Amino acid sequence: YPQKPNVCNLDMHMASEETSDLWGKSKERLRHKGSGKRESKSLLEKLRWVTLGYHYNWNTKKYSSDHCSAFPTDLSILSEHVAAACGFSHFKAEAGILNYYHFDSSLGIHVDESELDLSQPLLSFSFGHSSIFLLGGLKREEAPLPMFMHSGDIMVMSGSSRLLYHAVPRIVPCPEGTALPSCLSPSLSEDYPVSSSIVQPCSKEDWEICAVYLRDSRINMTIRQVLGADQAFPHMEGL
């Protein structure tokens, strides 16, 4: 998902040719990664966020029709199946924000309210190490409920919870005490549709590099529907 045409934080201060292949430019450094704190970081380790579909504008806190790319098919299918299982059969995955955390990362208190259709849920998928998640109220000053978010967890914020304040103050090691959660084992069960268009096999070499990255990281994906069935962005009305 960090590949172009998707947008990431590195695009803010690097030329497009420098961020065009983050995986290819990072894998050798990750393959030989040591434990030294002063060791220079790969581009993937400098990654903090990626936007998909309608690209969220961090300055205006809005989406627009002229800043959009195709939403990934596999993630769209996954999201729409999860939403349907929760009673939202007409959910359409239109925008995604991926946050890349390390053990010194956090996410401040905020509410997701930039989507024009707030009747549809916000879906959150977590992979890698765990986080402490604070779920607050409709007002910023309301005391939050703390909970853990572990690898493989899915959170659905809908209805009365859709506009609740929330935050991620800390990343913590997975509860199993291992370098990686067991759910991230590279082996798949015989029932898994490995040859399908949704699930693609990962080479042993690529997985080993992924494992190096994930041993001190957490990835969270939040998927949203931006527009309702009959909605358009304000500047498109009347066109």
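Tutor: Let's start with the count: this is a predicted model, and it comes to six salt bridges.

Take the one near the start of the chain. Lysine 4 and aspartate 11 meet through their side chains, N to O, at 2.6 Å. Lysine 4 has 33% relative accessibility, so it counts as partly exposed. Aspartate 11 is partly exposed as well, at 22%. While you're looking at lysine 4, check its backbone too: a cis peptide bond joins lysine 4 to proline 5, with omega at about 15°. Proline 5 itself belongs to the segment before β1 (7–8).

As for the general rule, an α-helix has 3.6 residues a turn, so residues three or four places apart point the same way. Arginine 31 is partly exposed at 32% relative accessible area, and glutamate 28 is partly exposed at 41%.

A salt bridge of another sort pairs arginine 162 with glutamate 115, whose closest N and O atoms are 2.9 Å apart. Arginine 162 sits in the loop between β8 (154–157) and β9 (166–172), and glutamate 115 in the loop between β4 (107–110) and β5 (122–128), so this pair ties together parts that are 47 residues apart in sequence. Both arginine 162 and glutamate 115 are buried.

Helix α1 (residues 22–31) packs with helix α3 (residues 204–214) at an angle of about 75°, and their axes are 10 Å apart. That angle makes α1 roughly perpendicular to α3. On the α1 side, the residues that meet α3 are Trp23, Lys27, Leu30 and Arg31; on the α3 side they are Glu205, Asp206, Ile209, Cys210, Val212 and Tyr213. Sorted by class, this contact has six nonpolar and four charged residues, with no polar ones.

Setting aside residues up to four places away in sequence, leucine 30 touches Ile209, Val212 and Tyr213, along with Ser42, Leu44 and Glu45. For a sense of distance, leucine 30 and asparagine 57 are 27 residues apart in sequence, and their C-alpha atoms are 30 Å apart in space.

Serine 79 is buried, at 0% relative accessible area. A polar atom of its side chain lies 2.8 Å from the backbone oxygen of leucine 75. Beyond its neighbours within four places in sequence, serine 79 is in contact with Phe91, Ala93, Leu123, Phe125 and Ile223.

You'll find serine 151 in the loop between β7 (145–149) and β8. It is buried, with a relative accessible area of 14%. Here a polar atom of the serine 151 side chain lies 3.1 Å from the backbone nitrogen of glycine 128. Apart from neighbours within four places in sequence, serine 151 is in contact with Ser126, Phe127, Gly128, Pro181, Cys183 and Leu184.

One last stop is lysine 61, in the loop between β2 (49–53) and α2. Its phi is near 60°, a positive value in a residue other than glycine. Lysine 61 is exposed, with a relative accessible area of 52%.

How values were computed. Residues numbered from 1 in each chain as written. Predicted model: local features only at pLDDT ≥ 70, side-chain atom pairs only at ≥ 80, totals over all residues. Heavy atoms only, no water. Axes fitted to C-alpha atoms, helices over the stretch in contact; angles between N-to-C directions. Helix = DSSP H or I, 4+ residues; strand = E, 2+ residues; numbered from the N terminus. Parallel < 35°, antiparallel > 145°, perpendicular 65-115°, else oblique. Contact = heavy atoms within 4.5 Å. Nonpolar A, V, L, I, M, F, W, Y, C, P; charged D, E, K, R; others polar. Salt bridge = Lys/Arg side-chain N within 4 Å of Asp/Glu carboxyl O. Buried < 20%, exposed > 50% of the residue type's maximum accessible area, 1.4 Å probe, protein only. Polar contact = N/O pair within 3.5 Å; in protein donor to acceptor, adjacent residues only side chain to side chain.
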